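Dear colleague,

Please find the structure below, handed over for your records. My notes on it follow directly after.

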Amino acid sequence: MSGVSHADGERLRVAADRTKCCGSGMCTLNVPDVFDQDPDEGLVIVLDPEPPQELHHAVEDAVELCPASAIRVARLSA
Amino acid sequence: MTLADQTATADPATADPTAATAILAVPASRGTCPFDPPPAYERAREEEPAAPVRLWDGSITWMLTRHQDIRAVLGDRRFSADANRPGFPFLSAGRRALATMNASFIRMDDPEHARLRRMLTGDFIVKRAEALRPRIRAIAEDLLAAMTQGRSGERAGHADLVREFALPLPSLVICLLLGVPYEDHAYFQQRSSTILSNTAGLDEVRTARADLNAYIKQLTEAKRRRDEDDDILSRLIRHDDLTDDEIAAMGMLLLVAGHETTANMTALSVLALLRDPVQLGRLRADPTLIRGAVEELLRYLTIVHTGVARVATEDVEIAGRTIRAGEGVLCMINAANRDERVFPGAGVLDVGRDARRHLAFGFGVHQCLGQPLARTELQVALEVLLEGLPNLGLAVPFEEIPFRHDMLVYGVRSLPVAW
């Protein structure tokens, strides 16, 4: 699923820093297709590092909603 | 102008009295609408977003009121949550005593904070809160049945929603998760209440804290001997690197925070909806609004209403001021959640609004650990009440509802309802 480019060629690369993560769950609450939490420490897991375009807006929201600034996104050209 | 200049002006012995009275005393009083933040905070947000304010002991600290500034401070590691650092602001002598004795990780900085918090984050992940939903719903339905069948001894069709539903629901849930016997609820609820009071005397607060500390230690001792339970306290005991004091501090934090916050948020949400028949009607007509409505109620009501405290460890520029190392800040999240720059029409409750940027659970690495559980409990509580009581209303005039102005967690002391 990852790495697929879309109609306009825009791709988003998602990464998370587990050393910063505080396990608030805001990312998985808002974009469960892209983020999860590990069951032991509750820290972020990126399920889909290059999510489809229809989720880009939601992922950007997740970046803003993360209280620990643990999520980074980079726009990649096709 | 630095805070030191302000302190000099504010010293009652030397100050020009007009200058001294110009400094706001916090916590400030609310205005005519008991759901709105104190008008002084809202004024400060527009006129002086970093304002020097006076605390109970005459000391001066910075008050922040804008969403953007509070987000920045709570997300900035140069601001410490360690109450033992000089300059940390307290709301009362009791609060100072509590925050500095056997503190839990909410009063620590990383890496120590992260080490302890991560022992608990797995218990409060979103998926676990979702998995608990059917159980929470069953508890809520039982409480509603007991309430409506008049087992509480009130006259038919009437009850105090706080006592019969809003308080027992999260209390039962946190007892279940922690492994605390619910039969002891009168004991721990009374002491929690003292601990969360901004006006309780120093001795009273110390006694309540010591009682709860001893209570948790006694429970963990019994669990250690049995070594068979699968609850949070039992799992904490199995961490070799935790002291008994650390376990007791974490247990107390979860027990107190786990029931008082959701209980008050539930009752206050019901009251706010009963006062706003249009919003209540929207929610009844379309139950899919409930998740968003809970976020909006969290924003609109913001029960942590007396400020989130931090102290600067370096000089930091915020809202056009320099907060010097060693100066305290109080982040008024209730004012930030009414900031028009982020929430247009912020003074209005709108269950259809995207309110996810609210700061009701705080922000930064200390953001509420139990928020997934709190959300599930609030969603279930409102669903069960709206479905089960189509004619729910207040049983007394609104003006007679007693609000918890003096408590760290805002809410109502009782909520007489009829159906």
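In α9(B), the buried residues are Pro168(B), Leu169(B), Pro170(B), Ser171(B), Val173(B), Ile174(B), Cys175(B), Leu177(B) and Leu178(B); a residue is buried if 20 or more other C-beta atoms lie within 10 Å of its own, exposed if 12 or fewer, and partly exposed in between, with C-beta atoms placed from the backbone. Helix α9 spans residues 168–178 of chain B, and 9 of its 11 residues are buried. Helices (H or I, at least four residues) and strands (E, at least two) are DSSP runs, numbered from the N terminus.

Please note that this is a predicted model, in which local features need pLDDT of at least 70 and side-chain atom pairs count only at pLDDT 80 or more, while totals for chains, interfaces and linings use all residues. Residues are numbered from 1 along each chain as its sequence is written, and chains are lettered from A and ligands numbered from 1 in the order in which they are written.

The buried residues of α9(B) pack against α7, α8 (161–166), α10 (185–195), α12 (232–237), α13 and α17 of chain B; two residues are in contact if their C-beta atoms, placed from the backbone, lie within 7 Å. Gly179(B), with a positive phi near 85 degrees, follows α9(B).

Helices α13 (residues 244–274) and α15 (residues 290–301) of chain B have axes that come within 10 Å and cross at roughly 95 degrees. Axes are lines fitted to C-alpha atoms, for helices over the stretch in contact, and angles run from 0 to 180 degrees between N-to-C directions. α13(B) is therefore roughly perpendicular to α15(B) (under 35 degrees counts as roughly parallel, over 145 as roughly antiparallel, 65 to 115 as roughly perpendicular and the rest as oblique). Met265(B), Leu268(B), Ser269(B) and Ala272(B) of α13(B) make the contact with Leu297(B), Tyr300(B) and Leu301(B) of α15(B).

Chain B also holds an open sheet of 6 strands with mixed pairing, in the order β1-β2-β3-β9-β6-β4; two strands pair if DSSP finds at least two bridges between them. Its edge strands, β1 (24–25) and β4 of chain B, each pair on one side only.

Ala81(B) lies in the loop between β4 (79–80) and α5 (93–100) of chain B. Ala81(B) counts as buried because it has 23 C-beta neighbours inside 10 Å.

Finally, the contact between the chains takes 17 residues from chain B and 15 residues from chain A. On the chain B side, α7 (126–148) and α17 (371–388) each supply at least two residues.

With kind regards
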